[in-house]
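Have a go at each task before reading its solution.

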Amino acid sequence: MPTRSPETTHLQLLRGRPDDVALVADGRGHSYGEVRDRVDARRAELGTTRRLVMIEGANAIEPVVTYLAALEGGHPVLFVDGDAARSAEHRRVLIERFDPDVVAASGGADPAASDPAASDPAASDPAASDPAASDPAASDPAASVTTWRLDERRAGTRHDLHPALAMLASTSGSTGSPKLVRLSHENILSNAVAIGDYLNLGVGDRAITTLPLHYCYGLSVINSHLVTGGSVVLTERSVVDDGFWREFAASGATSFAGVPYTFELLEATGFADRHLPDLRYITQAGGRLDPERARRFARLGRERHFDFIIMYGQTEATARMAYLPPRLAEASAGAIGIPIPGGRFTIDAPAGEDVGELVYEGPNVMLGYAEHPADFARGREVDELRTGDLARRRDDGLYEIVGRSNRFAKIFGLRLDLDRVERLLADEGHEVRAVSSDERLLLFVLAERLAAGARDRAMALFGLPAHAIRVHAVAEFPRTSSGKPDTAALRRHAELLDQAALSTATDAAAEASRNGTGPTSMTPDTIRALYAELLGRPDAAPDSSFAGLGGDSLSYVEVSLRLEELLGELPRKWPSMSIRELAGTATSDAPTAGTAAGTATSETPTTGTAPAAPAASAARRRRRMPRLETPAVLRALAIVLIVGTHANLFGVQGGAHLLLAVAGYNLARFQLADVTGRRRVSGLLKSTAQVVVPAALWIGAVGLIAGGYAPTTALLVNNFLGAESWSTQWQFWFLEAVVWSMAALAAVFAVPLVDRVERRHPFAFALGVLGVALAARVLLAGGIETDATERYMTVGVVWCIALGWLVARSSTPVQRLTASALTLITVPGFFGDPGREAVVVVGVLVLLWLPAVPVPRLLLPVIGLLAGASMFIYLTHWQVYPHLENEVPWLATLLSLVVGVLVWKGYSFVVARGGALVGRRRGGALLARRRAGRVSRPGRSGADAAVGARS
């Protein structure tokens, strides 16, 4: 059995004069001499063999005495939260994993503890005088009501404890990982002395406890005061309790500490109006305090003659690493200040940049981490602390935290600073907490009615699609026992909600399979839960539709796959169908019942029923070959045909005109979905802008740098100038056709009568549009076949868009046969090239008759990238392939596709960052206007922009 080594360090923190007060508790002051006697007695109880001592933390004299005795006896200390109800599971995990030798804890309570009136006469007699004036503990029902015991789990120890090991501190309060920080006696002492130094602590200073003893910041308050001869008032009361402030005044306290949440509570409970003549300073740490709130407290301190001191620290540095001198608290709010005495900061930043990870060196840096008892024997393994915080050193020499490296998320290719997400949304009046999971941004608000507004602003600020953002309402934002935001709890809550939504869907489908009813048991609530999950729309109602909820071509793929698992084959018009109508298809679509049920039950074990095995087998086959929407596959295929043909890899023409038909198909599904007329027009205009802006920027930049493009090409107006022959100015004819078609439709649908007619007769209206477009083509060409320029002019090709529109509006067999016949009549002869025309005909017929096609799972991400980036591939490939088309056509094709994808990602990143910057600048004014009632909640944007054209 290991015994205490002669090299073991012993730490004595009680350094005040014997007659001076050290602790105020139990209704009276306890001198250094008295506390010394109690520490010596407790040290004797612990024995001379070094043992791991777990202490139940509480702001009371017995835990503090046990802590001081353990340090002096060389026994490593492991604190746990004293609130058993809140931390029982964490305590159990720590005991099982680290196996303490001694557990020091409260052993029971006096019956009076359950009756506040028993210890507070004022509670039963409002007219009674305030006993706290002479006896602070009289108003504290927690004082002197518990017994304290040492539970010796073994006589000695089974651990090998390094001589320098003094404490094992949790980095995550009561809810996180059991990984512990190994602290040495030098760590504890050096940090306590440094804090006392820069706070100028002495015998006249008396802090009152506002933070848990097991929290490193709260413990450092006790250490720094005892090592400098000051004193501490021990209380479990909250700052929102008037009894706390009576005790503060009666005990002569001169300071208190707080985390950001403490200062929220102080402002909410009228702290500025309290008369506290003995208050000398307030310290703040435990997280970033809002700079404006910091300035308010600094100004209040200046007026009331107390210092407001902002500090920065981590458990891995024992407690604190930096402080902001109080004279700078108002002018430099937002900075963490300068290193504490004996410490040093460096910034590990990339070359040429001033922002990087903050690295700290000093005698208070931990020995290392402990994840298992074997780690207790390890010595120093860390010489510098990489904080994980991103910081910069300002011109005035102060350090400033600008983000947290592990608070960054990669979502749809965008790197988001989650702290900044919260700040930007707060600037616009949305109080949220942000976390990320599975490439989704998770936002939490305090009421369901706030969800839509927060999601809409997040979409606008960060350029994310609706289905990449989920917003959940919670009753309150969870915090750790030390008052910090508990992001881990939020992430777990979101996971539980996701599991519940999935369980609702799969349980319903499984029940249907067991009953032999197939999808007839499907309910609107099942689909509503799925929409709420994938579209981030908790406001989805039974009468909501996918298009009406702002679904776009990106979310369409994921939602359609999930719906197929629940319903089987989906109706062609499902995006515009209400949730209630979709649920109804499960009962009416008897031929697919078995398939749908089999798919659903694939997620849930089914035993004891004969149909379960073939159903599960069908589901497994479907999972091996997932179905992908036909428009997405055609968009990816068409752009490959375009680029490969231009790069001389092969010679298959017709891809661009097929892409126009796909654009028309998606135009009808999304921009012209069954939403309000105003939403239709705004969606068309937004989609037009989303094509025009990147096209004009790219073509204009290439024209300025390399030449070759006229301003009319960058402005997409060549159609209005006419041309006798093909030239490089016509390379972007495809985009002109899409842009001017959508602009014209926006103008037409702004007329309410037109909007009403189209809604009443969608197929007939699309048929009429196709007729007008074909007439314009014939008039332009003077016949059926077009020449080299006519087949690229908007008037000459708009019929392709109209044909795709007609396909989307074909919902009955007769309508599909009509659209098929028109395809076979209108396409042949247009090019005078049967092969080129066949590409268009086959593509349109596939689009018409096959809503989705099976695709190998490995190709799904590739098809998604090509489909999403196809507009940018089309834009940029003109500058890529010509350099290699004759020598290495396959490389010319591949590079064209890759460059297009990269430009698309880069453009999306810039747009997102630009939107965030604009939102931040407008935030203050917008928030003021909203509070004044002049601005309503922003509406959702239109559906996906030019889904066929952009891709």
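This is a predicted model: local features need pLDDT of at least 70, side-chain atom pairs count only at pLDDT 80 or more; totals for chains, interfaces and linings use all residues.

## Exercise 1: The chain as a whole

**Task.** How many helices and strands does the chain have, and what percentage of its residues count as buried?

**Solution.** Step 1: count the elements. There are 30 helices and 27 strands.

Step 1: turn to burial. The chain has 951 residues, and 54% of them count as buried.

Step 2: The accessible surface comes to about 38,600 Å², and carbon and sulfur atoms hold 56% of that.

Step 3: ask how far contacts reach along the sequence. Taking contacts with a separation of 6 or more, 71% are between residues 24 or more positions apart.

## Exercise 2: Walking across a sheet

**Task.** In what order do the 9 strands of the open sheet lie, and which are the edge strands?

**Solution.** Step 1: write down the order. The sheet runs β2-β1-β10-β9-β11-β12-β13-β14-β15, with mixed pairing.

Step 1: find the edges. β2 and β15 each pair on one side only, and these are the edge strands.

Step 2: inspect the pair at one end. β1 (residues 21-25) and β2 (residues 28-31) run antiparallel and are joined by 4 bridges. Leu-23 is placed opposite His-30 in β2. The hairpin of β1 and β2 has 2 residues between the strands, and Asp-26 takes a positive phi near 55° there.

Step 3: inspect the other end. β14 and β15 are antiparallel too, paired over 2 bridges, and Ala-322 faces Pro-339 in β15.

Step 4: visit the loop between β14 (322-324) and β15 (338-339), where Arg-327 is placed. Arg-327 is exposed, because its relative accessible area is 70%. The C-alpha atoms of Arg-327 and Asp-307 are 8.1 Å apart, with 20 residues separating the two in sequence.

## Exercise 3: Two nonpolar cores

**Task.** Which residues touch the most other members of the largest nonpolar core, and what does Leu-660 touch beyond four places in sequence?

**Solution.** The core has 84 residues, and Leu-660, Phe-732, Trp-733, Phe-734, Leu-735, Trp-799 and Tyr-874 touch the most other members.

Step 1: follow Leu-660. Setting aside residues up to four places away, Leu-660 touches Trp-733, Phe-734, Ala-737, Val-738, Val-797, Cys-800 and Ile-801.

Step 2: note the other core. Another core, of 73 residues, lies apart from this one, and Ala-69, Leu-201, Ala-257 and Ala-391 are among its members.

## Exercise 4: Salt bridges across the sequence

**Task.** Where do Asp-99 and Arg-153 lie, and is Asp-205 buried or exposed?

**Solution.** Step 1: get the total. The count of salt bridges comes to 37.

Step 1: examine one of them. The side chains of Asp-99 and Arg-153 meet at 2.8 Å, N to O. Asp-99 is in the loop between α3 (84-98) and β5 (102-109), and Arg-153 is in the loop between β6 (146-152) and β7 (165-170), 54 residues apart. Asp-99 is buried at 13% relative accessibility, whereas Arg-153 is partly exposed at 37%.

Step 2: compare another pair. Arg-280 and Asp-205 form a salt bridge of 2.7 Å, N to O. Arg-280 lies in the loop between α9 (260-268) and β12 (281-284) and Asp-205 in the loop between α6 (185-199) and β9 (206-208), so this pair ties together parts 75 residues apart in sequence.

Step 3: classify both partners. Arg-280 is partly exposed, with a relative accessible area of 28%, while Asp-205 is buried at 5% relative accessibility.

Key:
Residues are numbered from 1 along each chain as its sequence is written. Side-chain values use heavy atoms; hydrogens and water are left out. Two strands pair if DSSP finds at least two bridges between them. A nonpolar core is a set of buried Ala, Val, Leu, Ile, Met, Phe, Trp, Tyr and Cys residues joined through side-chain atoms within 4.5 Å. Buried means under 20% relative accessible area, exposed over 50%, partly exposed in between (1.4 Å probe, protein chains only). Contact means heavy atoms within 4.5 Å. Accessible areas come from the Shrake-Rupley method with a 1.4 Å probe; for residues, only the protein chains shown count as cover. A salt bridge is a side-chain nitrogen of Lys or Arg within 4 Å of a carboxyl oxygen of Asp or Glu.
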